Amino acid sequence: MRADPVGAVLRADDPLARRDRLTLSDLAGRWFRFPAGTDPLWQAYWNGGERREGPVVRGVQECVQAVLWNGTVGMTPLGHEMPEELAVVPVADMAPSRVLAVWQEGDRNPLIRSLVGIATAAYRA
């Protein structure tokens, strides 16, 4: 439905927060981890394609706190609102975050088709 560029979430007073763009290598050693059982494809994407070390975060609020308290780096699609203590800097070498609608092949449920149509229209607006 759409593809959004991604940025690194940093403390606003972090020296990297003053840059126009970052690369994944700029963020080395500053990552957090997802909890055991998190979908491997999800982890691979949001960790820039590599296994990472660092504090475990289970949700957006824990990610924000890890950035503020531990100096780790979070990732977010560009355009999301952040508290003033945080900054978002585009990451040049990370693929866009894609929003997709999927359903079981051959399912002719009209509610699914309706939901997909509404979601597609909303995301493309």
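Modeller: A residue is called buried when its relative accessible area is under 20%, exposed when it is over 50%, and partly exposed in between. The model before us is predicted. At 31% relative accessibility, R11 is therefore partly exposed.

Colleague: Is R58 buried or exposed?

Modeller: R58 has a relative accessible area of 60%, so this residue is exposed. R58 belongs to the loop between α1 (40-46) and α2 (60-70).

Colleague: How many residues separate R58 and P35 in sequence, and how far apart are they in space?

Modeller: These two residues are 23 residues apart in sequence, and their C-alpha atoms are 6.3 Å apart in space.

Colleague: Let us turn to charged side chains. How should I read a salt bridge?

Modeller: The general idea is that side chains of opposite charge can pair when their charged atoms come close. A search of the whole structure finds six such salt bridges.

Colleague: Which residue meets D4 in a salt bridge?

Modeller: The partner is R2, and the N to O distance between the two side chains is 3.0 Å. The side chains of D4 and R2 also make a polar contact, at 3.0 Å.

Colleague: Which residue meets R11 in a salt bridge?

Modeller: R11 meets D13, with 2.8 Å from N to O. Another of the salt bridges joins the side chains of R30 and D14, at 2.3 Å from N to O. R30 and D14 both lie in the loop between β2 (6-11) and α1, so this pair ties together parts that are 16 residues apart in sequence. D14 is buried, because its relative accessibility is 9%.

Colleague: Now the sheet. How do strands come to form one?

Modeller: Strands of a sheet pair through backbone hydrogen bonds, either parallel or antiparallel. In this model, three strands form an open sheet in the order β3-β2-β4, with antiparallel pairing. β3 and β4 are the edge strands, each pairing on one side only. On average, neighbouring strands of this sheet are turned by 40° against each other, direction ignored.

Colleague: Where does α2 pack?

Modeller: α2 packs on the sheet and touches β2, β3 and β4. The direction of α2 makes about 50° with that of β2.

Colleague: How many bridges join β2 to β3?

Modeller: Four bridges join β2 to strand β3 (residues 74-77), and the two run antiparallel. Within this pairing, V6 stands opposite P77, and G7 stands opposite T76.

Colleague: How many bridges are there between β2 and β4?

Modeller: β2 and β4 pair over five bridges, in the antiparallel sense. A87 in β4 is the bridge partner of L10, and L86 in β4 is the bridge partner of R11.

Colleague: How many residues of β2 and of β4 are buried?

Modeller: β2 is mostly covered, with five of its six residues buried. Strand β4 (residues 86-90) is mostly covered as well, with four of its five residues buried.

Colleague: How many residues has the largest nonpolar core here?

Modeller: That core has 21 residues, and A8, L10, L22, L27, M75, V91 and M94 are those with the most contacts inside it. β2, α2 and β4 each supply at least two residues of this core. β2 gives the most, with three residues.

Colleague: Which residues does L10 touch?

Modeller: Leaving out residues up to four places away in sequence, the residues that L10 touches include L16, A17, L22, V67, V73, A87 and V89. R30 and E85 are also among them.

Notes. Residues numbered from 1 in each chain as written. Predicted model: local features only at pLDDT ≥ 70, side-chain atom pairs only at ≥ 80, totals over all residues. Heavy atoms only, no water. Buried < 20%, exposed > 50% of the residue type's maximum accessible area, 1.4 Å probe, protein only. Polar contact = N/O pair within 3.5 Å; in protein donor to acceptor, adjacent residues only side chain to side chain. Salt bridge = Lys/Arg side-chain N within 4 Å of Asp/Glu carboxyl O. Pairing = 2+ DSSP bridges. Core = buried A, V, L, I, M, F, W, Y, C linked by side-chain atoms within 4.5 Å. Contact = heavy atoms within 4.5 Å. Axes fitted to C-alpha atoms, helices over the stretch in contact; angles between N-to-C directions.
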